[in-house]
Amino acid sequence: MWQGEGYWLVRVVFQRGLALLYLLAFLVAANQFRPLAGEDGLLPLERYVEGVSFRERPSLFYLVPTDRAIGVAAWSGVALSALALVGVPYWLPAGVATPVSMLLWATLWALYLSFVNAGQTFYGYGWESMLCETGFLAIFLGAGSVAPPFVVVLLLQWVLFRNMFGAGLIKLRGDDCWRDLTCMDYHYETQPIPNPVSWFAHHLPDRFHRVETVANHVIELLIPFCYFAPQPLSALAGLATIGFQGWLLVTGNFAWLNALTIVLAIPTFSDGTLAAALPISAPATAPTPLYLEALALLLAALVIVLSVQPVRNMLSERQLMNTSFDPLNLVNTYGAFGSITRDRYEVVVEGTTDEKITPETEWRAYRFKGKPTDLERRPPQVAPYHLRLDWQLWFAAMSPSPHRSPWFLRFLAKLLEADADTLALLAEDPFDGEPPERVRAVRYRYRYTTPEERAESGRWWARERVGTYVSPVSLEELRVRRPRSR
């Protein structure tokens, strides 16, 4: 009963999808981890090393806390992900394909767990722990001509269930607008990083927003129970989930959350249903090796034990979202957007070369890759790539001052130093690599323009100033007032 002869093609497609997301995640780490959480990052690596024990948050960077180790790990992850993407284990003889596959996926998991556990605030997202959990299960799928253990297919469906059902429950508990069906009136405008379609989705009729909110509840609260049903009901549930996540992909930038959920929906299909949609078919498979079956059963027992706390949390009236209950992120609880913000706040960072601040001082804005600083700039499409600094700026702007964002003043100091690694995280440096004399941060309330306003002005956004986030400050003044990062 534990054989998975009907899931060989499912495994191949799932592994390719997961490998692609690993490749993307390691590229993000290679490009962003060092300026964000490296030796001299906005949240320095020593802050992680001194703040927790290895047992609490194990990471290779706890043992070797250097930028060189970060670079080696990130680019090794990119290379290994590419090997998994092209299916190298499937090129090997039957007797070694599965052991090599297990080693490959285990290395990818350990490397990425190291980034997640050491990345601090910049890696505190639900899709990080979900990628770790999914990647750990992928170790036990096998490769080559052997059938995957069916129990691992069920465990992947269990991850998908907790992701979707947890998101549905936290919405019902978290915000009245999910119950009165008005949340989507605000979502497209106030989401962290809107994309080119978000403006148009926001201006769809109110009736459409009511219908899509109802559909959200159905897909997140009812459909997940069909993941475990016989075919074709399981595949239909997976197809509904893929369609739902596809809409979120088209209308927003949520890193690889939607793409990973789509990959997790693949195990709701069987080879027969999947082959009907793809121009390939599964070959004859060999039985699952006895050692892999035994490991899969031990894995299932571990997941059952570790699922107790996530399930309790999911069913609790005080449900926490996107939380890990073990240091290896093996079984987690999920749930996103339990509350929807009604107003969009943005922090606009500006600098000047004037030594003395006067009413005539010229302030030039730094432009971020995903943030709507420029009112005329069309919202960009960046997902499934993850702009970690831009996401944290969205959270930071919710508060009228940076006291809840300990990295922000350090970020301003980096701008005043014209730090090249930090500037590489931005879309545009108005000073072309030269340090400004002073910087400031201004808080605005942003809203989409109406169709009439956009037709007249060409602007996607309108804004009004609501306060000063950080007053004009020089590097010397900032060094005096900035609290220690650790």
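Residues are numbered from 1 along each chain as its sequence is written, and side-chain values use heavy atoms, with hydrogens and water left out. Because the model is predicted, local features need pLDDT of at least 70 and side-chain atom pairs count only at pLDDT 80 or more, while totals for chains, interfaces and linings use all residues.

## Nonpolar cores

A nonpolar core is a set of buried Ala, Val, Leu, Ile, Met, Phe, Trp, Tyr and Cys residues joined through side-chain atoms within 4.5 Å. Buried means under 20% relative accessible area, exposed over 50%, and partly exposed in between (1.4 Å probe, protein chains only). The largest such core has 128 residues. Phe-408 and Phe-411 have the most contacts inside it. Helix 1 (residues 8–37) supplies the largest share of this core, 19 residues. Helices (H or I, at least four residues) and strands (E, at least two) are DSSP runs, numbered from the N terminus. Another core, of 9 residues, lies apart from the largest one. Among its members are Trp-199, Tyr-448, Trp-460 and Trp-461.

Contact means heavy atoms within 4.5 Å. Leaving aside neighbours within four places in sequence, Phe-408 touches Val-347, Val-349, Leu-393, Pro-402, Ala-441, Tyr-469 and Val-470.

## Helix packing

Two packed helices are described by the angle between their axes and the distance between the axes. Axes are lines fitted to C-alpha atoms, for helices over the stretch in contact, and angles run from 0 to 180 degrees between N-to-C directions. Angles under 35 degrees count as roughly parallel, over 145 as roughly antiparallel, 65 to 115 as roughly perpendicular and the rest as oblique.

| Helix pair | Angle | Axis distance |
|---|---|---|
| Helix 6 (residues 126–138) and helix 13 (residues 257–265) | about 30 degrees | 10 Å |
| Helix 6 and helix 7 (residues 150–174) | roughly 170 degrees | within 10 Å |
| Helix 7 and helix 16 (residues 308–315) | roughly 25 degrees | within 9 Å |

Take helix 6 and helix 13, at about 30 degrees. That makes the two roughly parallel. Helix 6 passes helix 13 in a left-handed crossing. A crossing is left-handed if the near helix is turned anticlockwise from the far one by less than a right angle, and right-handed if clockwise. Helix 6 contributes Trp-127, Met-130, Leu-131 and Thr-134 to the contact, and helix 13 contributes Leu-257, Leu-260, Thr-261 and Leu-264. By class, this contact has 6 nonpolar, 2 polar and no charged residues. Here Ala, Val, Leu, Ile, Met, Phe, Trp, Tyr, Cys and Pro count as nonpolar, Asp, Glu, Lys and Arg as charged, and the others, Gly among them, as polar.

Helix 6 and helix 7 cross at roughly 170 degrees. The pair is therefore roughly antiparallel. From helix 6 come Met-130, Glu-133, Thr-134 and Leu-137; from helix 7 come Val-152, Leu-155, Leu-156, Val-159, Arg-162 and Asn-163. This contact has 6 nonpolar, 2 polar and 2 charged residues.

Helix 7 and helix 16 cross at roughly 25 degrees, so they are roughly parallel to each other. The crossing of helix 7 past helix 16 is left-handed. On helix 7 the contact uses Trp-158, Phe-161, Arg-162, Phe-165, Gly-166, Leu-169 and Arg-173, and on helix 16 it uses Val-311, Met-314 and Leu-315. The classes are 7 nonpolar, 1 polar and 2 charged.

## Buried helix residues

Val-303 lies in helix 15 (residues 290–306). Val-303 is buried, with a relative accessible area of 7%. Beyond neighbours within four places in sequence, its contacts are Leu-137, Leu-155, Trp-158 and Val-331. Val-303 and Trp-158 are 145 residues apart in sequence and 9.7 Å apart in space, C-alpha to C-alpha.

Thr-98 sits in helix 5. Thr-98 is buried, at 2% relative accessible area. With neighbours within four places in sequence left aside, Thr-98 contacts Gly-142, Ala-143, Val-146, Tyr-291 and Leu-292.

## Backbone geometry

A cis peptide bond joins Gln-231 and Pro-232, with omega about 5 degrees. Pro-232 is in the loop between helix 11 (206–221) and helix 12 (233–251). The bond from Ala-383 to Pro-384 is cis, with omega near 10 degrees. Pro-384 lies in the loop between strand 5 (367–368) and helix 17 (388–396).

Gln-120 is not a glycine, yet has a positive phi of about 55 degrees. Its place is in the loop between helix 5 (94–118) and helix 6. Gln-120 is buried, at 16% relative accessible area. Asn-329, not a glycine, has a positive phi of about 55 degrees. Asn-329 is in the loop between strand 1 (323–324) and strand 2 (332–333). Asn-329 counts as buried, at 5% relative accessibility.
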